[in-house]
Amino acid sequence: MGSLDAESMTSGPIHVVAGVLRDAQGRVLLAQRPPGTHLAGLWEFPGGKCEDGEAPVDALARELREEIGIVVESAHPLIGVPFRYPDKSILLDVWQVSAFSGIPLSRESQRLAWVEPDALDGVDMPPADRPAVTALRLPDRYLITPALAPGEDDTLMRGIERACRNGVRLIQLRLPGWSSERIAGLARRVRNLCRDHGARLLLHADWKLAAVLGLDGVHLPARAAATLVQRPLPVDRWVAVSCHDAAELAQAARIGADFVTLSPVYETPGHPEASPLGWERFAELVAEVALPVFALGGLETDDIDAARMSGAQGIAAIRAFWGAENSAPV
Ligand SMILES: Nc1nc2c([nH]c(=O)n2[C@H]2C[C@H](O)[C@@H](COP(=O)(O)OP(=O)(O)OP(=O)(O)O)O2)c(=O)[nH]1
Ligand SMILES: [Mg+2]
């Protein structure tokens, strides 16, 4: 609409709130944008524009009441996606609606559909929604394996099993100093263990080996991402990148990465030379990037709330999610 475009040109991006609602089977509610609107025919998360001075959570409640007739009882931010369309810039502010009353019904003649999260890739959605789809499929904890010596296979298997039992569902297999042969020999066992627990397994750096072994994806160091012009694996695999500043985040987005880590938030013994970002700078960097971001660097499980308040998907950690050799599952 004319007024919208004028608004976006004069006062920065349009703040749009949208809600992820799930049914009892975990399916997600989508609504089809009506004919004659921006992005007509595409399937979106229900929601709309914040009014002047309106808090995002109030706008969310109002939009979902108006569009689908439900009352939001509990919601928390999932991801903010800054996105530039040719004719307007938006901040797509997506919230998880964890409790609501009423049955979602079309109040504005829009079509509604409940879709399995894993089927969302095949749905025609606005491009700004892609990072949100990734975010709703990712957990809030990401384990990076500790630097074990070559041959410590059993320690690795036990640690991964312990993490899975503690609910970790996303793991980066990082084995510095191990040969490809050794990694290949072990990765299949690790992959099967992860599959048994419904956990996803990414391999550090070696995307070719990740593809050969049928792993869930690759996690690239920033210096590797810097040499690429596009993601090295197809969209049915995860591609993650380790980032430390705005330029690396922008490069990760440019090559079509699915998500990133951003570090170090705090000082870490592993990288004493790197100056920590702190939560304030972390949040500023996250606000600029249209990707889910895991906070990394000296963090504990208790830091997940701080990370999420700073716009993160959650936290990535070695020590916090590895646990002690003799610890019982919690
Ligand atoms: N609601 C919603 N809007 C989205 C999504 N993805 C996306 O790019 N958008 C864009 C489309 C629109 O340009 C803008 C939202 O505008 P809207 O038309 O829904 O706003 P509204 O409900 O307040 O409607 P109106 O009063 O302007 O008719 O954000 C999404 O998942 N949900
Ligand atoms: Mg709307």
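Visitor: Why is D23 called buried?

Guide: This is a predicted model, and the value is computed from it. D23 has a relative accessibility of 17%. Buried means under 20%, so D23 counts as buried.

Visitor: Where does D23 lie?

Guide: D23 sits in the loop that links β1 and β2 (28–32).

Visitor: What makes the D23 and R27 pair a polar contact?

Guide: Their side chains are joined at 2.8 Å. The cut-off is an N or O pair within 3.5 Å. The pair therefore qualifies as a polar contact.

Visitor: Is A18 buried or exposed, and how do you know?

Guide: The relative accessible area of A18 is 3%. The limit for buried is under 20%, so A18 is buried. The residue belongs to strand β1.

Visitor: Which residues is A18 in contact with, leaving aside neighbours within four places in sequence?

Guide: They are F45, P46, G47, L60, L92, D93, V94 and W95. Contact here means heavy atoms within 4.5 Å. As for V57, 39 residues from A18 along the chain, the two C-alpha atoms are 9.8 Å apart.

Visitor: How much of ligand 1 does the protein cover?

Guide: On its own, ligand 1 has 620 Å² of accessible area, and the protein covers 80% of this.

Visitor: Which residues are closest to ligand 1?

Guide: H38, F45, K49, Y85 and D129 are the closest of the 19 that surround it. By type, the shell holds nine nonpolar, three polar and seven charged residues. Strand β4 gives the most, with three residues.

Visitor: What makes a set of residues a nonpolar core?

Guide: The members are buried nonpolar residues, joined through side-chain atoms within 4.5 Å. The largest such core here has 57 residues. L156, I160, V241, L262 and F282 have the most contacts inside it. Helix α5 (residues 180–196) supplies the largest share, seven residues. Another core, of 24 residues, lies apart from that one and includes V20, W43, I90 and L120.

Visitor: Why do nonpolar side chains gather like this?

Guide: In soluble globular proteins, they tend to be buried together.

Notes. Residues numbered from 1 in each chain as written. Chains lettered and ligands numbered in written order. Predicted model: local features only at pLDDT ≥ 70, side-chain atom pairs only at ≥ 80, totals over all residues. Heavy atoms only, no water. Buried < 20%, exposed > 50% of the residue type's maximum accessible area, 1.4 Å probe, protein only. Helix = DSSP H or I, 4+ residues; strand = E, 2+ residues; numbered from the N terminus. Near = heavy atom within 4 Å. Areas by Shrake-Rupley, 256 points an atom, 1.4 Å probe, with all protein chains shown as cover. Nonpolar A, V, L, I, M, F, W, Y, C, P; charged D, E, K, R; others polar. Polar contact = N/O pair within 3.5 Å; in protein donor to acceptor, adjacent residues only side chain to side chain.
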